[in-house]
Amino acid sequence: MDLNLSLFAYGGFSQTVDRQLPDLNQALKALPYKLPRRSDRLTQLSLLGLHQSCGEGSFDAATHLVLASGDANLNSTILNSEQIFDSGTLPNPIGFINTVNNSTAYHICVTLGIQGEAISVSRDHCSLEAGLQIAATLQHSDLSPILLGTVDEVPNDPEQHRQRLNIPAATPLAEGSFWFHCGHPQRQETALATIEYCGPMRDSRRIEEFLHERQISHHLIGDFLQNSAVSEIQLPGERLVTQSLGHYLTQNADYLQRWLDQARPGERLGMLNGTAGSDRLTVTLILKH
Amino acid sequence: MESVKLPIIGYACASHLGESLSNPSGPHGTTGQFGPPTLQLDSTQLQLPYYSVDDGFDDPDRTERILFEVIEKALQRSQLSAAKISRAGLFIGSSSYDLRDSEIDYRQKLEAGDQSAVPMPFTGYNRLGESICRKFCIDSEPFNINSACTSSANALLLAQSMLQLGFYEHALVVGIELYNETTLNGFAGMQLIAEQRIAPFDKTRDGIILGESCSAVIISKQSTDSASLMLRGGGSCFDPYSITTSNPDGSTIAQTLENALRKTGTERSDVVAIKTHGTATYMNDISESQGILTAFPEQTPPITAIKPYVGHTLGACGTLELILFAEALEQGYIPKTPNFETSDPELSLTPLHEDLDATDGVYLLNYFGFGGSNTVLFVEKV
């Protein structure tokens with residue numbers, strides 16, 4: 001899909017999780033927002049990342065929100081399951097409402113005072129890519145700004161989460177939230193970068209040709225593909241060495257922002273990613289201005 | 001970008017009543033006969049009403065079985081070639097996806113004393129999407145939309161926008177919400193479950209009855225003479241009033257309706273009838289009736305509700321209610337709203353007491369959800 005989606009600002013927050021969930025309270029106190037009551041960790045992580053992308057800035061009321069997450073409200077859903085199956089009690093209403101994925105989007109919209117469309121989407125490791133495709137669609141509905149956020153949390157009891165993921169006990173986990181202020185190129189601001197393309201491909205030769213044609217300067221292989229045959233493909237451009245913070249489904253957003261920090265105008269990144277249960281690859285092209 | 005009309009070229013669904021509201025008895029008896037889930041909690045034992053598709057609640061492969069049957073039928077009816085299916089966009093709307101699979105696995109391991117038991121062993125929302133892609137050889141990437149009760153309605157809107165932009169030629173839109181204890185317990189905890197019946201806009205209404213369903217709609221960018229129903233688009237607005245209910249003054253619902261009328265280039269006088277969200281909760285029916293009266297101040301189209309037939313199927317109600325409503329239009333009638341007996345002076349709106357002849361024209365379908373999500377779809381009977 002040719003997206004032609006402009007990026008005007010970006011920023012984010014992430015952290016590695018070892019044995020215990022790091023406390024977010026100090027960081028939250030520094031935020032300029034009135035924190036929503038009864039919000040869960042996913043909302044808190046979202047606001048911490050959002051602040052890094054906009055500082056004290058305010059938002060146009062018509063701003064649309066696209067919130068992309070691999071596991072979304074996993075912790076709230078786990079708590080509900082434990083209440084029902086372990087404790088044999090009805091879940092408390094607030095806990096249940098927080099299992100609804102767009103409860104996080106609700107809290108963000110209310111906190112920022114925005115009232116455009118609010119869409120919550122998920123696609124495993126390619127949730128960022130799903131969000132980019134939706135943002136590129138929304139930009140044609142009107143000229144309102146679009147806030148695209150990615151967020152994933154480590155549920156309480158990281159040890160149990162490693163067991164759930166069937167990964168060794170010492171494997172680091174990570175959580176965080178990364179934000180992109182997007183919109184139509186007709187907007188008056190100067191774009192920092194353009195998301196030119198994002199779409200699926202299966203054939204490795206076709207991917208190689210495509211990236212050659214598009215003259216990429218760098219390529220990036222997502223964490224999910226690091227140990228797969230894809231990492232053996234000879235791709236054009238310099239391969240970015242990525243430093244994974246730990247198991248973190250939307251880490252590509254972090255990698256993309258790090259590349260944007262370093263890239264020179266005219267450089268182009270080809271980002272390859274995949275999802276569990278599929279041999280399809282998602283290719284994203286980003287041009288730095 | 002003004003919405004264009006896209007033909008609905010195939011659909012199928014599994015619901016308590018099968019595929020038609022005029023089924024006098026669904027797979028499990030007459031309307032209002034409920035599935036059997038009894039919630040065995042330490043603190044209490046609840047026998048809750050529920051509209052079920054079948055009684056295989058504990059079958060480990062139930063989700064995929066129902067899902068694949070429905071999609072297979074919808075694809076057959078669309079007569080799309082395998083090549084076209086492989087390039088179709090895939091859009092899924094649900095609030096629970098395959099949550100039941102996790103519940104079954106966890107409960108079985110707990111009961112067996114298995115040390116590896118963890119709640120929510122299957123994480124993420126992409127498993128069903130990838131299963132559909134593998135089963136039906138779809139090359140595209142799934143969009144898994146979760147906006148509570150508007151999930152599959154929003155999936156339809158997104159699909160339509162992406163078809164209009166040329167991202168796809170065809171789209172398969174799936175709404176799925178199957179029985180799970182998390183949802184049923186959650187609504188029970190919120191005391192939103194009605195005791196016996198779901199009675200939208202009735203003075204004695206006392207809440208929702210949940211139901212389950214799986215439905216699939218196929219829309220196309222290519223015009224066809226055979227389609228009798230067109231998707232005209234719609235609109236969606238965020239409602240900041242409360243995380244659980246729309247603004248009771250009706251302002252945000254009216255705004256959603258007005259935006260959608262403008263975006264689709266529809267005149268108020270073109271609207272033949274409105275399928276309401278009609279949950280029969282005290283607050284929804286107040287917000288919705290106020291919103292409709294504000295958006296249609298001069299002549300309010302007839303309104304009706306589908307949930308008394310099949311229950312509230314949450315994230316799946318967008319596609320399910322579109323299909324059941326479309327099927328009724330196809331049979332020549334706008335369905336009445338069962339269980340309505342007493343007008344509520346607070347609402348100033350009454351739903352249809354009797355079926356009405358369905359004429360060609362535009363029909364509005366309302367959907368509202370937790371998390372401030374208000375969505376309206378427009379369909380046109382041609």
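Chain A has 289 residues, for which a compact globule would have a radius of gyration near 19 Å, and the chain agrees because its value is 19 Å. This radius is taken over C-alpha atoms, and the globule rule is 2.2 Å times the number of residues to the power 0.38. The model is predicted: local features need pLDDT of at least 70, side-chain atom pairs count only at pLDDT 80 or more, and totals for chains, interfaces and linings use all residues. Residues are numbered from 1 along each chain as its sequence is written, and chains are lettered from A in the order in which they are written.

The C-alpha trace of chain A spans about 60 × 45 × 30 Å along its principal axes. Nine helices and 10 strands make up its secondary structure; these are DSSP runs, with helices (H or I) of at least four residues and strands (E) of at least two, numbered from the N terminus. In chain A, 54% of the residues count as buried, meaning that 20 or more other C-beta atoms, placed from the backbone, lie within 10 Å of the residue's own. Of the contacts in chain A with a separation of 6 or more, 78% join residues 24 or more positions apart; a contact requires C-beta atoms within 7 Å.

The largest nonpolar core holds 188 residues, and those with the most contacts inside it are Val66(A), Val173(B), Ala216(B) and Ile219(B). Helix H10 of chain B (residues 317–330) gives the most to this core, with nine residues. A nonpolar core is a set of buried Ala, Val, Leu, Ile, Met, Phe, Trp, Tyr and Cys residues joined through C-beta atoms within 7 Å. Beyond its neighbours within four places in sequence, Ala216(B) is in contact with residues including Tyr11(B), Val70(B), Ala74(B) and Val173(B).

In chain B, helix H4 (residues 127–136) has buried residues, among them Arg127(B), Leu128(B) and Ile132(B). The buried residues of H4(B) pack against helix H1 (62–78) and strands S6 (89–93), S7 (142–145) and S8 (170–177) of chain B. Just after H4(B), Cys137(B) takes a positive phi of about 55°.

Chain B is assigned domain 1 (6–114 + 122–220) and domain 2 (229–381), with bounds from an automatic or database domain assignment. The C-alpha centres of these two domains of chain B lie 20 Å apart. In chain B, 59 residues of domain 1 are in contact with 56 residues of domain 2. H5(B) gives the most to the side of domain 1 of chain B that touches domain 2 of chain B, with eight residues.

Definitions and conventions. A residue is buried if 20 or more other C-beta atoms lie within 10 Å of its own, exposed if 12 or fewer, and partly exposed in between; C-beta atoms are placed from the backbone. Two residues are in contact if their C-beta atoms, placed from the backbone, lie within 7 Å.
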